[in-house]
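Subject: Structure handover

Hello,

Here is the structure I promised to pass on. Please open it and keep it beside this email while you read.

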Amino acid sequence: MKQTLSLALAGVLCASAVQAFEANGGSLSLGYSTFFGSSPATDVNKLSFGSALEFGLTPDIALQGDFAYSKFDATGLSNTGVGLHGIYHLNESTSLGAFIGRDNIDGRNLNYYGVEVAHQMGMFETEAFVTIAKDGGKDGTVFGLKGDYVISDAVTVGARFDQLKVEGADAAKFAVTGEVAALPGLNLTGELGRGRIKGYGADPYVGVGVKVNFGAKNGATFGNRSILDLLPGG
């Protein structure tokens with residue numbers, strides 16, 4: 001009898017743990033971007049892949065894992081990045097997060113950490129973050145801000161600004177963005193902006209891609225924080 005009760009209790013505890021640690025949502029994305037200016041510093045195209053998966057620990061607390069890969073054709077430079085977010089859903093409209101991650105740029109590690117916030121107000125969605133990046137004895141900051149307006153269930157338009165200031169590198173980009181639902185769960189994305197690299201001037205760039213969202217949240221709470229993914233042209 002005691003053995004039966006113990007097995008039953010263990011089953012209930014396991015079921016509760018599985019139910020608590022469930023996937024809230026995630027995404028897969030594939031993108032291509034290119035500058036169309038004349039600066040030799042921006043004569044480069046980039047192919048990128050990203051994925052995110054968010055798990056709920058409690059109704060208010062979640063973990064999100066990211067993976068990113070990008071490759072620049074002109075230099076052959078490639079980057080693999082992983083990140084982890086700790087998320088607190090303050091309410092249905094606002095989420096706070098802290099994150100850590102590492103980029104591996106052709107065998108060289110770049111570590112980073114930071115804080116982030118996401119807020120939704122009606123048809124408007126905003127997201128902001130601040131990152132501290134460390135490359136050996138060098139460090140710096142990255143700041144990002146984006147806003148989206150949901151026109152309908154199928155169309156979203158927005159804008160984003162990212163600025164990177166790490167010792168030896170100073171870059172920024174501003175872009176208008178768009179996302180259109182092509183099929184259920186499959187969206188086409190676009191980005192048209194201008195990227196600036198200190199010492200080389202600024203050039204316009206364009207990016208296109210596809211994105212698959214899934215799960216109860218139809219995606220993850222926060223975006224990928226890979227440093228290289230934020231450079232102009234991405």
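Is Arg225 buried or exposed? Arg225 is buried, because its relative accessible area is 4% and buried means under 20%. One thing to keep in mind throughout: this is a predicted model.

**Arg225 and its partners**

Start with the charge partner. Arg225 and Glu116 form a salt bridge through their side chains, at 2.9 Å from N to O. Glu116 belongs to strand E6, while Arg225 sits in the segment after strand E12 (201-214), so this pair ties together parts that are 109 residues apart in sequence. Glu116 is buried too, with a relative accessible area of 5%. The general idea is simple: side chains of opposite charge can pair when their charged atoms come close.

**Aromatic pairs**

How many aromatic pairs does the structure hold? It holds four. Two of them are described below.

Phe99 is in strand E5 (residues 94-105) and Tyr112 is in strand E6, so the pair ties together parts 13 residues apart in sequence. Phe99 is buried, at a relative accessible area of 3%. Tyr112 is buried as well, and its relative accessible area is 3%.

Next come Phe124 and Tyr149. This aromatic pair is also tilted, with 4.9 Å from centre to centre and 50° between the planes. Phe124 is in strand E7 (residues 124-135) and Tyr149 is in strand E8 (residues 138-150). The two residues are 25 apart, and their pair links distant parts of the chain. Phe124 is partly exposed at 47%. Tyr149 is partly exposed at 34%.

**Other salt bridges**

A search of the whole structure finds seven salt bridges. The bridge between Glu116 and Arg225 was described above. Here are two others.

- Asp162 bridges to Arg160, and their closest N and O atoms are 2.8 Å apart. Asp162 is buried, with a relative accessible area of 4%.
- Asp170 and Arg196 meet through their side chains at 3.6 Å, N to O. Asp170 is in strand E10 (residues 169-183) and Arg196 is in strand E11 (residues 186-197), so the pair ties together parts 26 residues apart in sequence. Arg196 is partly exposed, at 30% relative accessible area.

**Arg108**

One last stop. Arg108 is in strand E6, which covers residues 108-121. What does Arg108 touch, leaving aside residues up to four places away in sequence? It touches Asp103 and Asp135. Now look for Asn79. Arg108 and Asn79 are 29 residues apart in sequence, and their C-alpha atoms are 9.3 Å apart in space.

**Where to look again**

Best wishes

Technical notes: Residues numbered from 1 in each chain as written. Predicted model: local features only at pLDDT ≥ 70, side-chain atom pairs only at ≥ 80, totals over all residues. Heavy atoms only, no water. Helix = DSSP H or I, 4+ residues; strand = E, 2+ residues; numbered from the N terminus. Contact = heavy atoms within 4.5 Å. Phe/Tyr/Trp six-rings, centres within 6.5 Å; stacked < 30°, edge-to-face > 60°. Buried < 20%, exposed > 50% of the residue type's maximum accessible area, 1.4 Å probe, protein only. Salt bridge = Lys/Arg side-chain N within 4 Å of Asp/Glu carboxyl O.
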